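I open this notebook to record what I looked up in one protein structure. The entries follow the order of my reading.

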Amino acid sequence: MKQITNIRKAVCTMANELKKEGYTLSQAFRKAWRRIKLSMKIRAVGTTAGNIQERLGFMKQFPVDTMQAELVREPESPFDKNAIKIVVHLRSINRKTVIGYVPRGLAAGLAAVIDAGVNVKAELLQILGGYSYKESYGCLLDITI
């Protein structure tokens with residue numbers, strides 16, 4: 001019973017954030033339920049900051065199934081109070097690293113859900129890029145609430 005209460009709480013929280021973005025209440029609730037029922041596939045943003053490109057290039061040599069992704073709230077971020085960083089644990093070498101952030105549009109609703117205490121899981125699906133003429137990497141994640 002506690003699980004269904006948490007899910008409803010997450011839907012309401014996310015719908016309220018979507019309403020603030022300009023959706024009607026009906027549209028907001030439909031979109032929130034869709035996000036909750038289905039897992040969301042996202043591409044991380046902020047992967048060009050600092051040395052994240054080097055980290056992603058290094059991580060590309062490891063199989064994706066040996067990595068574990070985690071979403072961590074970062075409310076003290078100077079850029080966005082709803083920031084959610086993506087931390088990946090490389091189990092084979094026992095290291096953790098930040099590889100980017102959840103896109104701003106989704107982070108507002110997701111931050112409210114995380115702050116409400118609902119468990120949000122992330123799975124790293126793929127590290128993208130790595131072209132020989134231009135070393136540019138990104139990553140694709142699957143988020144489940």
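This is a predicted model: local features need pLDDT of at least 70, side-chain atom pairs count only at pLDDT 80 or more; totals for chains, interfaces and linings use all residues.

Entry 1, terms for pockets. I worked on a 1 Å grid over the protein atoms alone, where a cavity is a set of points at which a 1.4 Å probe fits but cannot get out. A pocket is an open set with protein on both sides within 12 Å along at least five of seven lines, and lining residues have an atom within 4 Å of a point. Grid points are joined across faces, edges and corners, and a volume is the space filled by probe spheres set on the points.

Residues are numbered from 1 along each chain as its sequence is written, and side-chain values use heavy atoms, with hydrogens and water left out.

I found about 280 Å³ of space in the largest pocket. Its lining has 18 residues, and Val45, Ser77, Phe79, Ala83 and Tyr101 are the closest to the centre. Strand S4 (95-101) and helix H4 (104-115) each supply at least two lining residues; helices (H or I, at least four residues) and strands (E, at least two) are DSSP runs numbered from the N terminus. I sorted the lining into 12 nonpolar, 3 polar and 3 charged residues. Here Ala, Val, Leu, Ile, Met, Phe, Trp, Tyr, Cys and Pro count as nonpolar, Asp, Glu, Lys and Arg as charged, and the others, Gly among them, as polar.

Entry 4, the overall plan. I counted 4 helices and 6 strands, and along the sequence they follow the pattern α-α-β-α-β-β-β-α-β-β. Of the 145 residues, 41% count as buried, where buried means under 20% relative accessible area, exposed over 50% and partly exposed in between (1.4 Å probe, protein chains only).

Which residues have the most contacts inside the largest nonpolar core? I listed Met59, Met67, Leu71, Val102, Leu110 and Leu124, in a core of 34 residues. Such a core is a set of buried Ala, Val, Leu, Ile, Met, Phe, Trp, Tyr and Cys residues joined through side-chain atoms within 4.5 Å. Among the elements that each supply at least two residues of this core are helix H1 (2-20), strand S2 (67-73), strand S3 (84-90) and strand S5 (121-129).

I traced an open sheet of 3 strands in the order S2-S3-S4, with antiparallel pairing; two strands pair if DSSP finds at least two bridges between them. S2 and S4 are the edge strands, each pairing on one side only. S2 and S3 are joined by 7 bridges, and S3 and S4 by 6. Ala69 has Val88 of S3 as its bridge partner, Leu71 has Ile86 of S3, and Lys85 has Tyr101 of S4. S3 is largely enclosed by the rest of the structure, because 6 of its 7 residues are buried.

S3 and S4 form a hairpin with 4 residues between the strands. Asn94 lies in the loop between them, and its phi is near 55°, a positive value in a residue other than glycine. Is Asn94 buried or exposed? Its relative accessibility is 55%, so Asn94 counts as exposed.

I located Lys9 in helix H1; at 42% relative accessibility, Lys9 counts as partly exposed. The C-alpha atoms of Lys9 and Ala116 are separated by 7.6 Å, although the two are 107 residues apart along the chain.
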